[in-house]
Amino acid sequence: MGPYQKMDSEGNGGGTVEKPLEILIIEDSQDDADLVVREMRHGGIDFRYQRVDTAPQMNAALDNQTWNLILSDYDLPKFSGPAALQIVKERGLDLPFIVVSGKIGEEKAISFMKSGAHDYIMKSNLSRLVPAVQRELREAEERRKRLRAEAELKETKNHLEKVLEKTADAIGIVNQRGYFTKWNKMAAQLYGYSYEEMSGIHFTRLYPGKKAMEIMLGQLRRDGFICRYEIDMQKKDGSIAPFEISISLLRDADSKVVGSICVARDLSELKKTLAEVTRMNEQLSQEIEERHRVEKALENERRRFFAILDELPGMVYLQAPDYSILFANRYFKEKIGNPEGKKCYHIFHDRHKPCEICAVREVFATNAPVLREVKGPNGRFYQLHDYPFTDIDGSPLMLQLGIDITERKQAEEALREIQGQQKAILDNIPDIAWLKDKEGRYIAANEPFAQSCGVRQEDLEGKTDLDLWPRKLAEKYRRDDQEVMRTLKRLVLEEPIVYKEGKFTQVETIKTPILNDKGEVIGTSGIARDITARKQAEDKLRRAHQEIEQLFESIPFMMIGLSPDGRISHWNHEAAKILWVNGTPATGNKLQDHSLSWEWDKVLQGMENCREKGAPVRLEDIRYQRPGGKDGFLGITFSPIMEEDSRITGLILLGRDITEQRLLEAQLAQAQKLESIGQLAAGIAHEINTPIQYVGDNIRFLLEAFEDLTALMSEYGKLRAVVQGGEVAPEVIKELEKVEDQTDPEYLVKEIPKAIEQSLGGVARVAKIVRAMKDFSHPGIGEKTAVDINKAVESTITVARNEWKYVAEMVTDLDPGLPLVPCLPDEFNQVLLNLIINAAHAIDEVVGKGEQSKGTITISTRKDGDWVEVQVKDTGAGIPEEIKSKIFDPFFTTKQVGKGTGQGLAISHSVIVDKHGGTISFETEMGKGTTFIIRLPWGSLGI
């Protein structure tokens with residue numbers, strides 16, 4: 001279907017409408033609706049439709065979407081065309097409404113059209129339908145355009161009315177005969193005429209100067225407009241006032257003049273204001289002339305004053321209360337630049353507003369001089385003297401004299417910087433630190449030093465060791481200082497220190513000579529660090545190292561320490577016992593340098609993965625040669641040793657012999673399998689017994705039939721012998737008929753094939769159960785093989801049939817395109833069996849409570865990328881929230897005692913996750929059931 005063509009008012013095709021028509025068909029007969037639809041399609045109209053036949057359906061359809069057209073039958077069993085039209089009217093919808101009826105009289109049709117229907121079409125003449133639809137769609141579009149245009153025109157008119165009434169100018173509209181037809185509020189206010197009065201006034205009444213009016217009208221006729229024309233106009237009270245007017249001719253669509261519009265503004269107040277301004281200007285000119293004379297005299301005095309300031313050797317400038325600089329002398333301009341006309345905070349501080357603390361504000365506020373120091377924008381320092389005084393015109397000013405003190409400030413700053421550096425260095429040293437002069441007097445010391453000797457930091461300057469420490473200790477300190485100054489070498493020693501409170505501790509002291517720029521000794525510096533904790537830590541570390549070594553040796557697992565590149569750093573006794581039967585490893589050698597009998601490719605790959613991921617890597621079932629020469633299995637974990645910056649500094653190889661564990665697991669799996677087979681044995685026996693029973697019954701029936709047929713064949717033989725002798729004995733024929741009646745050959749011919757067919761079906765059923773048992777009981781081979789998952793599902797369903805058939809229906813949705821999957825067949829079958837039995841038990845809990853007759857177990861398979869997914873879904877009661885996290889825990893079960901060991905799901909999790917590298921999860925909802933989801937990778941065997 002292509003897009004329909006929208007027609008314009010002339011019947012011409014318009015633009016292509018991208019969307020199909022939405023048509024509501026009110027019709028109780030689908031066949032009649034199909035006739036209408038076919039006719040519309042045949043006519044090339046692209047549309048979608050909905051059929052309704054009741055008022056509620058129609059109201060719902062109108063609520064849900066917008067419709068382009070309604071086609072309605074006249075009479076319906078539960079509805080009618082007039083009722084539908086009434087709904088359209090009540091909703092205020094402008095929709096084409098066409099009646100399509102098979103039995104409507106002309107009188108009814110005319111009445112219906114008068115009620116608002118747009119057309120009526122007889123079902124016997126549907127050829128009129130498409131033209132009628134196209135016509136009504138065009139007319140509906142025209143109606144919508146007309147309504148939009150009328151609404152826009154009304155809105156524009158209202159807007160112009162508001163503009164006309166709110167403008168500050170007088171506006172009047174004159175018709176072609178010169179009479180006013182429109183007059184706004186400002187016109188009524190300026191001229192004194194109300195709107196009603198102006199409607200009968202000719203425009204000439206407003207112009208007392210007829211000659212000036214004729215000149216104005218001549219210009220209007222010539223140019224078609226007048227812009228800002230000044231002319232006198234007469235108001236209602238007879239007063240005459242100057243006005244500025246602008247007039248434009250109004251023309252109709254044919255450019256014929258139909259009137260004019262005039263905008264006027266009263267210039268009376270403006271004229272008065274201009275006259276007053278002229279008078280004031282003349283008076284001001286006289287005052288300015290006198291002022292110029294006085295200012296010239298003042299300027300001469302000002303020049304002499306500023307010439308004196310220019311000769312001063314310091315910075316001088318004058319500043320107003322608004323922070324602007326009025327004058328700066330030559331020295332200022334040479335050092336900083338010309339600041340005249342600029343604000344002080346911009347020149348000195350590069351700010352855009354006054355400073356929060358401002359000396360200028362203080363000078364003007366207190367009228368007292370202020371002395372301060374500042375750093376100029378040129379980087380130099382100045383001492384500023386701010387003096388308040390009054391200008392000759394009485395305005396307040398501030399005179400500032402600035403003296404360059406840069407050299408002094410630089411010297412002071414350098415001294416403070418050195419002292420600050422010394423203090424900062426000392427204060428940021430966490431250890432005891434100090435500076436001494438050549439005579440051993442303390443120049444500076446940090447807070448830890450002050451705390452150690454119990455003297456305030458600011459009181460240490462000038463003191464000697466004799467003032468602070470016991471005499472014997474002080475003399476030792478002095479000898480060490482003299483040794484450092486004599487040798488000019490740093491001295492490192494461990495020595496005692498006694499704190500004020502009497503605490504005795506050991507410190508590590510570093511003393512260094514202080515030299516001046518000539519290389520002469522001027523004192524010493526010292527740093528003393530309390531090493532008591534370090535000594536204790538070293539002892540603890542030594543003891544901890546011994547404990548770690550003992551722990552390392554006592555661990556019952558194989559443990560080997562490796563460098564990041566795989567070199568052996570240490571090992572324990574268990575590692576040597578398992579791997580190095582005839583010796584011990586060599587420290588520093590790479591692990592692969594040793595001829596160990598294990599699967600090197602897996603071990604080296606695991607080591608590399610650990611280095612790359614920076615996380616532990618587990619390797620299972622690594623084959624190796626045990627000390628006795630037999631093969632065994634190792635479980636190995638590589639763990640990284642990492643610094644805080646995530647840098648790997650080594651690896652730990654932790655492993656143990658899991659041969660016995662694997663044997664126990666195999667035995668446990670076999671035991672569980674035997675337990676499952678034992679559990680299923682009675683059910684399987686029952687499943688086999690039923691087909692065997694009717695096979696036996698059929699065989700007994702065939703035996704009896706065979707005996708009857710033998711007797712019949714014997715009589716046939718007798719008859720054949722008599723016939724061959726040329727005689728027909730009536731008694732032989734009579735006996736044959738008697739045997740035939742007893743045998744009933746027709747019945748045997750009919751029933752024997754059925755018995756044979758039933759027997760073969762029973763044998764096939766037994767064979768299927770036996771095959772399923774064989775597949776399910778597939779002996780473990782220890783290695784993965786390609787498995788048909790669908791076949792495994794079908795076999796397990798068959799084997800477990802007696803567990804589920806009484807409580808559930810079995811539904812399968814198996815993907816026929818499923819690839820073969822690498823599996824351990826017997827263990828995977830055991831997982832499926834566990835899930836099916838659990839599903840049956842879960843449903844049994846619901847069915848047993850009488851909540852339903854039977855549940856449903858649904859098993860589905862599908863391929864999902866590199867994975868094959870198996871879902872086992874039941875309609876049981878679901879798993880409560882509080883036990884969801886325990887479902888896969890060993891020995892956890894919600895079943896009654898004797899009905900479950902709690903190992904099934906734990907073993908299933910181990911089989912799927914650990915042995916197959918897959919995932920097993922579940923989704924559950926209380927009251928609705930549970931779905932277990934198994935996902936297995938299928939591409940690892942290349943199949």
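The model is predicted, so local features need pLDDT of at least 70 and side-chain atom pairs count only at pLDDT 80 or more, while totals for chains, interfaces and linings use all residues. Residues are numbered from 1 along each chain as its sequence is written, and side-chain values use heavy atoms, with hydrogens and water left out.

**View 1**
Look between strand 6 (residues 97–101) and strand 7 for 4 bridges; two strands pair if DSSP finds at least two bridges between them. One to pick out is Ile 98, whose bridge partner in strand 7 is Asp 119.

**View 1**
Contact means heavy atoms within 4.5 Å; axes are lines fitted to C-alpha atoms, for helices over the stretch in contact, and angles run from 0 to 180 degrees between N-to-C directions.

**View 2. Asn 329, in the loop between strand 14 (325–328) and helix 10 (330–335).**
Asn 329 counts as buried because its relative accessibility is 0% (buried is under 20% relative accessible area, with a 1.4 Å probe and protein chains only). A polar atom of the Asn 329 side chain lies 3.0 Å from the backbone nitrogen of Phe 332. Not counting residues up to four places away in sequence, Asn 329 touches Leu 309, Asp 310, Leu 312, Gly 314, Met 315 and Val 316.

**View 3. Helix 25 and the largest nonpolar core.**
Such a core is a set of buried Ala, Val, Leu, Ile, Met, Phe, Trp, Tyr and Cys residues joined through side-chain atoms within 4.5 Å. Of the 44 residues in this one, Ile 789, Phe 828, Ile 857 and Ile 859 touch the most other members. Helix 25 gives the most to the core, with 11 residues. Helix 25 (residues 825–848) is mostly covered, with 20 of its 24 residues buried. Leaving aside neighbours within four places in sequence, Phe 828 is in contact with residues including Ile 789, Val 870 and Leu 936.

Terms used. Buried < 20%, exposed > 50% of the residue type's maximum accessible area, 1.4 Å probe, protein only. Helix = DSSP H or I, 4+ residues; strand = E, 2+ residues; numbered from the N terminus. Polar contact = N/O pair within 3.5 Å; in protein donor to acceptor, adjacent residues only side chain to side chain.
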